[in-house]
Amino acid sequence: MIRNVVFDMGGVLIAWDPARIVDRLGLSKEDSQLLRREVFQSVEWVCLDRGSLSEQEALESMGRRLPERLREAALRCIFWWKDELWPMEGMAELIRELDGLGYGVYLLSNATSALHGYFHRIPGSEHFRGHIVSADWKLLKPQHEIYEKLFFEYSLDPAECLFLDDYPPNIEGAKRCGMEGLVFYQDMERLRHELQSLGVNVKECET
């Protein structure tokens with residue numbers, strides 16, 4: 001029986017759209033493409049989530065590949081992207097409903113430790129009983145150790161947990177650790193139906 005629902009953050013609780021972040025900077029098409037590639041698709045971005053590079057170290061490394069004119073833009077992408085979070089429609093309501101039904105609600109996210117500073121702005125965060133941030137533990141989904149860290153830190157039985165993530169390999173990793181999982185396709189109606197099929201007593205989507 002599922003007693004706990006574990007949420008990813010980017011692409012689940014909040015919309016994660018690097019193109020939208022870069023578009024706010026008013027750059028040319030060519031510079032926008034370059035910035036997205038060298039910042040958001042970089043090894044350094046992964047290292048930030050793993051906690052193996054600081055934000056300043058990542059910026060310096062990225063900057064060596066970027067023209068001078070884009071270094072300020074790279075800084076803004078790294079340090080300021082989280083100043084505006086775009087909530088995923090319907091997620092706050094789902095989390096509030098799950099909490100009201102007695103389910104434990106948790107967060108498991110590949111993110112930098114800066115997440116602690118804006119956690120209160122994540123939809124439904126007031127209902128979370130705990131959260132695991134990858135950079136804090138120098139781990140990344142889908143490594144099995146990060147799921148096991150979640151179970152250990154909050155005394156959870158994986159057989160009683162369900163994980164929601166937008167990236168299929170992370171769900172596969174969760175399943176390999178004994179936790180049920182669903183890929184979220186930014187479709188709340190589908191998600192609620194899938195939750196119901198697994199015995200989670202949530203309502204149908206309101207139309």
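Tutor: Helix α6 has a set of buried residues, namely Met91, Ala92, Leu94, Ile95, Glu97 and Leu98. Keep in mind that this is a predicted model.

Student: Which elements do the buried residues of α6 pack against?

Tutor: Those buried residues include Met91 and Leu98. Their packing partners are two strands and a helix: β1 (4-7), β2 and α11 (188-197).

Student: Is Arg96 buried, partly exposed or exposed?

Tutor: Arg96 lies in helix α6. Buried needs a relative accessible area under 20%, and exposed needs one over 50%. Arg96 has 44% relative accessibility, so this residue counts as partly exposed.

Student: How far apart in space are Arg96 and Gly124?

Tutor: In sequence, Arg96 and Gly124 are 28 residues apart. In space, from C-alpha to C-alpha, the distance is 6.4 Å.

Student: Which residue with a positive phi follows α6?

Tutor: The phi in question is near 95°. The residue that has this phi after α6 is Gly102.

**A residue of strand β2**

Student: Is Ser109 buried or exposed?

Tutor: Ser109 lies in strand β2, which covers residues 104-109. The cut-off for buried is under 20% relative accessible area. With a relative accessible area of 1%, Ser109 is therefore buried.

Student: Which residues does Ser109 touch, not counting residues up to four places away in sequence?

Tutor: Contact here means heavy atoms within 4.5 Å. Leaving out residues up to four places away in sequence, Ser109 touches Asp8, Met9, Leu115, Ile132, Val133, Ser134 and Lys141.

**Salt bridges**

Student: What is the distance between the closest N and O atoms in the salt bridge of Asp165 with Lys141?

Tutor: Asp165 is buried, and Lys141 is buried too. In the salt bridge between Asp165 and Lys141, the closest N and O atoms are 2.8 Å apart. The pair links distant parts of the chain, with Asp165 in strand β4 (residues 161-165) and Lys141 in the loop between α8 (134-137) and α9 (144-153), 24 residues apart. The N to O distance asked for is 2.8 Å.

Student: Which residue forms a salt bridge with Glu84?

Tutor: In this salt bridge the closest N and O atoms are 2.7 Å apart, and the partner of Glu84 is Arg24. The two lie in distant parts of the chain, 60 residues apart: Glu84 in the loop between α5 (71-80) and α6 (91-100), Arg24 in the loop between α1 (18-23) and α2 (29-40). Glu84 is partly exposed at 36% relative accessibility.

Student: Which residues are linked with Arg37 in a network of salt bridges?

Tutor: Arg37 and Glu38 meet through their side chains in a salt bridge of 3.1 Å, N to O. Arg37 counts as partly exposed at 43% relative accessibility, while Glu38 counts as buried at 13%. The network links Arg37 with Glu38, Glu44 and Arg65.

Student: How many salt bridges does a search of the whole structure find?

Tutor: The bridge between Arg37 and Glu38 is a salt bridge. A search of the whole structure finds 14.

How values were computed. Residues are numbered from 1 along each chain as its sequence is written. This is a predicted model: local features need pLDDT of at least 70, side-chain atom pairs count only at pLDDT 80 or more; totals for chains, interfaces and linings use all residues. Side-chain values use heavy atoms; hydrogens and water are left out. A salt bridge is a side-chain nitrogen of Lys or Arg within 4 Å of a carboxyl oxygen of Asp or Glu. Helices (H or I, at least four residues) and strands (E, at least two) are DSSP runs, numbered from the N terminus. Buried means under 20% relative accessible area, exposed over 50%, partly exposed in between (1.4 Å probe, protein chains only).
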